[in-house]
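Dear colleague,

I am handing over the structure we spoke about, and below it you will find some notes on what turned up when I went through it. Please read them with the structure open beside you.

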Amino acid sequence: MSVAVMTARPTARPTPEFRAGGTDFSERRRSGVSQGLVVDISASGDKAITWDANGAARIGALTTIATIATDARIAAAYPGIAASAQGLATPQVRQVATLGGNLAQRSRCWYFRRADIDCLKKGGTTCPARSGNHLYGVAFDLGPCVAPHPSTMAAALLAFDATIATDRRSGLSIADLLGDGSVAHADHTLAAGEMIRSIALPAPLEGERASYKRAISRTYAEWPLVELCARVVITGGKFQLVRLAAGGVAPVPLRLTAAEVALHGQIADAASIAAAAKAATSGAKSLPMTAYKLDLLQGLIRDVLERLSD
Amino acid sequence: MTATTINGRPLVLPDDPDALLIDVIRDGGLTGTKLVCGSGVCGACTVLLDGVPVVSCLLPAQAAAGKALTTIEGIGSTGLHPVQKAFMAHDALQCGFCTPGFVVEATAFHDSWRATKGTATPSREEIAAALSGHLCRCGAYEGIFRAVAEACSGRFDGNDPVAPRLEARDKVTGLARYTVDIHHDGQLEGVILRVHVAHARITSLDLAPARTIPGVAAVVPLLDDDNMVRFVGAPIAAVAARDRRTALQAIAAISFKPEPFPAVIGLDAARRDDAPIVFDKKDRKRAGNVSEGAGGAPVSWKGNVRGPSAPFSQKAKQAKSWLDEARAQRNPLLVEETFRVSTQQHASLEPHAAVARFDGDQLTVHISTQAIHESMEKIAKRYGLPHDKVRVIADHVGGGFGSKGSLGLETIAAIELARAAKAPVRVAFDREEELSVAGYRPAAELKLSLLPSTEGRLKALSLTAHADTGAAVNSLIAGLARLIYPADAKELVDYDVLSNLPPGAPFRGPGGPPMSFALEQAVDEAALRMKIDPIRLRKLWDPDPNRQRLYDWAAGLDVWKNRKPAAAQEGRYRRGVGVATGYWLYLWQTGSSVELAVKGGRIVASCAVQDIGTGTRSVIANTVAKAFDLEPQDVEVRIGRSNLPRGPGSGGSRVTASVVPPTLLAIDKLKAEIKRTASRTPAPGSNAPWREMIAASPDIAVSARRQEDGTPPPGIRPALHEAGIMGRVFGWVLRLMNHMVVGAGVPSSVQVMEVEVDTWLGHVRVLNAYTGLSIGKLAAPMLARSQAAGAVIQGIGYALYEARETDPLSGHILSGSMEDYRIPGIADMPKLEVHFDEAGFEHVPGGSVGIGEVATVPTSPAIANAIRDALGVRLTEIPFRPDRLVAALKGRDAA
């Protein structure tokens, strides 16, 4: 039942939208959630991965997720980025979906995705998920909208301190790009007509390791209940650097700083990891239906960090 | 205009930036590429773009510019690809609707594997990862694993194989045409306008604005005559236009005013005393029907609650008093629990669809249906047409699972639009319609009390089921517990709880899986308390001879004998093994007829039956071929047309038992007729006397109707006889009203599941599944195995993943996409062992009964019992999602 079938009124002022791979866009188009002009950018943008002398990569925004997932040098330098790319969507979608599109994709909230229901992201005044069914909602309730940010790559890039360049600005952190979760109407801070051009990753640190995992109910091809990209440097059996970025739990990808602090300088073993996993949920504010996400978050931290500590 | 090539031929792409590749492909007549989910998750629309698999349902057409596009039709166009041959040989398909997508992806995987790894065999994990962007609702994954592995290893580089499924070649090449693929000259596209509120009276409806839109050919109202709408998505009107986009514009132009009524959503809200009423007394007959048979005796209503319905109770008062007494005495053997099962959507990959066309007064309707003959009768009755003026066609049906058994709105809309437009009209539900208003197995709350006697027999059982039926009635869950595990007393009570949700519908063994989910866990719990092996207890309590043999098989499995107790397990991952039992009725349809003919020296078998992926063609071909010493491929099977001899509907697992017996009768008649008309006898010592005689025979035809069964051995009775006089009454009603006979002997299933639980991430994986089935002789062994495997994976979906999500206030279905309604993928398929016990139905001509339903009944409780075995904690609500697992584990920690 697309929008017209349901006789709903247009829910938002149609604004022009960029289309890269079109995977998220076409679905919203089919359902009637997106009704504005299409600006196809697939032929015009940057699809290259380039490396500087320090071993730092710059990824063009139109690079496909499959390219990132299978690029040997990316996998060696930034294994958490490669693993995140391998873990998202399906093989066919990864072939055409782009990194820029992944960052700028729209919310997966059930209510947002239905053209016949108003919500904050579509110019409405209330969040129907908050009072309704928010099984897949946030567990860190940071703003009026309770949908977690959908971008797996954003969480990965957050863990790697990536910066983003648009056609208007450069040096944007993930937080600059996506905001702090307090803004309900958008999934990012890009101005109308502003386009992501490229993503820059700092050169990997000596001895750093990284990994990614998502908690889902099936084996593959499911939006994460919770996902975690972790990056560590372990020297002499102790954590020298820990970067934990979680998706699926908050309106924006979340750095788990309390857990990072708890682990810094600690022995890389199951006990310290378990303690840090508990600390990771400090400041969490779950909804009536989402407390389980905090358990899954702890499980993921233990899973990923124990593997990285091996 | 930009150009590309499709299967090597030039293709001009449209300039429209919104045009999607799938529409360009299908509008060009290449219908092997299927539209299913429209969200890139099921892979049915997969095509190759410069050799790379992509989903054409999301791909802008312009993205194909300058690239070589290959569809399923372009694969193996000069001879079958090894993957196609392997799919055929391993029966890696059932309804076939997902097959083109799987084949396209698998050929790309195969070609790159062979290029780099030669003829090494890929692992299950490698295959699963490569095919993780595909979904199959029939659950053909087991065959797909085998097919891809063996194609990669080079085993299918040679000659074309003989496929156990008669129509397999058409399905692996994309040539099989389903209802959605039908295209007549001048055909219009129909779309249904649906309401966006849960409960209202439509006080005004203006169709005129839609009629003025260019390209619109017809607009018809679909409102019920009381002008009420009782769920989000209830139909208001339908439009036929030159294309879907125009039709969508037209329905958006229709204006109507809903006068809102208070609405109530879901089981818990609807049974409150102050809940708004969904159906007033006078309107109750407007409710839908969630069962396969007709309703039984009149049932009382209170508000939205219809019931109690308890015809199958047995000494209910006695049961109650024994259970009260046990409760008062805190009898440690008394098992009491409340279970919950969730709503299960059929999620057939081919949506409900119909294409209607009038040629003068002759109406031809292609329908994606489970009942072509009955649909023809119902259409004729509804529109006052003689039977010979209505022809229903379904050559291939992309899944049904119970949802396509009755005359649906898609058909009514297509017929009425075609009549009004004087042109052929196609109506095909979109995925959201399919996953919201096209029926479902209702969720239910099941309150159960089970009391063993001090001697260890089953003394009393009480089961009360409240089913979340939406705008429908007639759920039968608790009553089914009468037909297994005889007890001294049983109180079995069913209630329908109606609310402003779409109506439920029959779904594969309707109330069987929910009943089994509760009862089989209770029996398991009783065994734990009685400190007796759960299979041993079932052997004691369940005298059915078919299941007795299956229990012996299950008890002998290594996985069962080597179980470790939960208490012995520590750490993150825990393993458990569980068992459960299921049964279904053996049903056949009276009047089912088969015609056998020799035409042009070839045997032709004809029956107005449909093949929804279950293998009806092969069942008939195998039966005929065996009798004449032919290969099944030598027999031409004509089905899928209502003007053939009357055949059964595909529901109640009745097809095989309805068509094999008359086929056997017809075989005898045809043999006699061939001999009688033969001008000469075969050469003495001929290796193939029948083949020679058929080749030399003049054109002749015979037909036969389904005969009664032979006398069963003593003690073999119809399942309904367990329910005494009420069971017999129920049987009579079924025969009179539904032309269905409950035969002697009980199709049965015993399953053993081994699971691994990840206690950190709340993830349950079924590692190994063992399914033992007693369904008589196998008319088509490989296809029976495919159904057994498919039933298990569908049961795994029910147990672990599948849940319909609704908004509790507005009544919108939130899980209306395949992203959000989660059916199992190939990686979720466990290793499977199938055991067929072919005895028990010798009194049935041919010895075969149906498999579809019984095979899925015990899967969810077997998994529940395995989780209990792994964790020492019993989960009572499915699906066992991560959120429920971690909550249950916390509950245990807290306790």
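In chain A, strand E9 (residues 238-247) and E10(A) run antiparallel and are joined by two bridges; within this pairing, Ala246(A) has Leu254(A) in E10(A) as its bridge partner. Please keep in mind throughout that this is a predicted model.

The two strands belong to an open sheet of four strands in chain A, ordered E7-E8-E9-E10, in which the pairing is antiparallel. Strand E7 (208-215) and strand E10 (254-255) of chain A stand at the edges and have a single partner strand each, so one side of each has no neighbour in the sheet. Helix H8 (residues 152-159) of chain A lies across E7, strand E8 (226-235), E9 and E10 of chain A, and runs at about 155° to E9(A).

Turning to chain B, the axes of helix H14 (residues 512-530) and helix H15 (residues 534-541) come within 9 Å and cross at roughly 110°, which means that H14(B) is roughly perpendicular to H15(B). H14(B) brings Val523(B), Asp524(B), Ala526(B), Ala527(B) and Met530(B) to this contact, while H15(B) brings Pro534(B), Leu537(B) and Arg538(B); six of the contact residues are nonpolar, two are charged and none is polar.

Finally, the contact between the chains takes 48 residues from chain A and 59 residues from chain B. Among the elements of chain B that each supply at least two residues to the side touching chain A are strand E6 (188-194), helix H22 (781-801) and helix H24 (882-894), and that side of chain B has 30 nonpolar, 16 polar and 13 charged residues.

Definitions and conventions:
Residues numbered from 1 in each chain as written. Chains lettered and ligands numbered in written order. Predicted model: local features only at pLDDT ≥ 70, side-chain atom pairs only at ≥ 80, totals over all residues. Axes fitted to C-alpha atoms, helices over the stretch in contact; angles between N-to-C directions. Parallel < 35°, antiparallel > 145°, perpendicular 65-115°, else oblique. Contact = placed C-beta atoms within 7 Å. Nonpolar A, V, L, I, M, F, W, Y, C, P; charged D, E, K, R; others polar. Pairing = 2+ DSSP bridges.
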